[in-house]
Every structure is written in C-alpha cells, then in structure tokens.
Amino acid sequence: MARFDAGREWLPDGLAVPALLGAVLLAYFVVPFAVFLSRMRDVDVVAGLADPTVRDAIWTSLVTAPISTTIATVFGVPLAYVLSRASFRGKRLVEALVLLPLVVPPIVGGVMLLTVVGRYTPIGAAAAALGVPLTDSRAGVVLAQTFVAAPFLVVTARAGFDGVDPRLEEAARTMGYGRLRTVRLVSLPLARNAIAAGIVLTFVRAIGEFGATMMVAYTPRTMPTQIRVSFIARGIDAIVPVALALLAVAVIVVVAVQLLVGTPRRR
C-alpha cells in the first residue's frame, strides 16, 4: 500500500491518462529497438565492421555528415536570425521554401538535385570538367545531406532567436554595440542551446540520410546506403554491424554537444 501511495505521489494529479498514452508511444519506440539489438548475440559484429566495404561506408559518412552540418550551420544560422528579426515582403514564401525539403520525400529531393547538378546539366558538366563531379562522389553526398538536413537547423535556430528578448538587443545597441557585435555577444549566446539542438538534429539527419543520397551519389556508399545493399544481399543480420556503428556515432555526437553546450537550467 505504501508503495502504491509513493507511485501516486510521483505522478501529479491529472497526468495519468497523458502518461499512459505517452507510455504506449514510448513502447512503440523502444520495443523494435530492443529486439533489433538482441540480434547482436547471433552476429559477429567485429567481423562485420572489419569488412572493407563497411569501413568505407563508415568513413564516407564520418567525412560527409560533419561537412554537411557545417554548411547548414554557416548558412542556416544567419537565415534563421533574419527570419526571426526582419519583416519583409515575401517572408512567408521564404519560410515555406525553408520547409520545402521537409515535406518533399527525400528520394524526390534527390531527383530535384539531379536536375540541377546532374552529370549532363550545365553545372554538373562544368564541375566534372574541373575534376569535382557532383554525382556519385562525396561532393554529391554532401549536397544531398545538406538539402534534406539544413531545414532542421534553420527551424530550430529560429525558435532560439525568437526566444531572445529584443529589448536585450536594444539595450546592447544603446551601449554602442553594432548589429553584428550585438548578435555575437547577446543573441548567439542566449540562443546557443537551440542552435546546438539544431546542429545535433541536422547531423543526425545528415548521417542517416538515404533517399536523396542514393539518387545523387549511390557511390561512394554511406552507412545508410550500405545498410540497404547489405539487407538486399544478406538479410537483417548483415546490417547489424553498420546499424550499430551508425547508432554509436549519433549517440557520441549528441553527448558531445550536450557536454560542450550544457543543459539548460530550469527557472
């Protein structure tokens, strides 16, 4: 009886039904994950990771995803700030364009990219002539990853800037700070947690991207592409080593960003 009362005290009144519904969804997330991991007992993970094709796929993902995330951050944070602070004609159209890659199926996004950077397009042909092919190359992987992942950075960073009180920026301006200095010393530090969350989401989305990447750069294979190839050739057990590597990279990045940025304190 005492244990039952302790459980009721842990859950505030009125939250039993939301908690139950949330638990159902959480179980839907966790059960497939746990069952999949249980297959590790039947798979030689070390031998799988020693496969040269798997190592090449891991290396390609580790090289391209940080580049895609960096590009999204360099271009996305300024865009997020402008969308947060500026009012201009066509702003709603710009906001819709930012969301466009999120609503378009990734494989369709890959086809769209091919119409611009494909081998037989003016841009693709010129890049290939310069020795930088934009398809079936790491450059193509970066283009595909950036296309599908960058909106996460813009949307999340904008939410962070929206949460910064404009009066703090005005106060900095009255102290003689210019616009850029105000952004660097006031806006960016206050929005850093949201920006960090956007960086994590962008990286995780980029490293897990498959549809657009497969269309633009089937080779060199990334981890998701290798997972697809291994699954078709040898079934579920063959993808366990690559999937574990993909999961490990994502977890390491999330933990590293949290350690660097810190967890927001509750007020």
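**Entry 1: the end of α13**

I looked up what follows α13 and found Gly-235, whose phi is positive, near 90°. The model is predicted, so I noted its limits: local features need pLDDT of at least 70, side-chain atom pairs count only at pLDDT 80 or more, and totals for chains, interfaces and linings use all residues. Residues are numbered from 1 along each chain as its sequence is written, and side-chain values use heavy atoms, with hydrogens and water left out.

I then checked the length of α13. It has twelve residues and reaches 16 Å from its first C-alpha to its last. That is close to the 16 Å expected at 1.5 Å a residue. The expected span is 1.5 Å times one less than the number of residues.

Next I listed the buried residues of α13: Met-223, Pro-224, Thr-225, Gln-226, Ile-227, Val-229 and Ser-230. Buried means under 20% relative accessible area, exposed over 50%, and partly exposed in between (1.4 Å probe, protein chains only).

**Entry 2: the whole chain**

I counted 14 helices and zero strands in the protein chain. Helices (H or I, at least four residues) and strands (E, at least two) are DSSP runs, numbered from the N terminus. The C-alpha trace spans about 70 × 60 × 30 Å along its principal axes. Of the 267 residues, 35% count as buried.

I also looked at contacts, meaning heavy atoms within 4.5 Å. Among those between residues at least 6 apart in sequence, 72% join residues at least 24 apart.

**Entry 3: the nonpolar cores**

Which residues touch the most other members of the largest nonpolar core? I found Phe-203, Ile-207, Met-223, Ile-227 and Val-249, out of 19 residues in this core. The helices α4 (52-85), α11 (192-207), α13 (223-234) and α14 (236-261) each supply at least two residues of it. With eight residues, α14 gives the most. A nonpolar core is a set of buried Ala, Val, Leu, Ile, Met, Phe, Trp, Tyr and Cys residues joined through side-chain atoms within 4.5 Å.

Leaving out residues up to four places away in sequence, Met-223 touches Ala-57, Ile-58, Ser-61, Ile-207, Val-242, Ala-245, Leu-246 and Val-249. Another core, of 13 residues, lies apart from the largest one; Tyr-81, Leu-83, Leu-153 and Ile-195 are among them.

Is Thr-60 buried or exposed? Thr-60 is buried, with a relative accessible area of 2%. It is found in helix α4. Beyond its neighbours within four places in sequence, Thr-60 is in contact with Arg-138, Pro-220, Arg-221 and Thr-222.

Phe-75 and Val-154 are 79 residues apart in sequence, yet 8.8 Å apart in space, C-alpha to C-alpha.

**Entry 4: Ala-144**

I ended in helix α8 (residues 138-162), the place of Ala-144. Ala-144 is buried, with a relative accessible area of 0%. Which residues does Ala-144 touch, not counting those up to four places away in sequence? I found Leu-113, Ala-212, Thr-213 and Val-216. Between Ala-144 and Pro-106 I noted 8.8 Å in space, C-alpha to C-alpha, and 38 residues in sequence.
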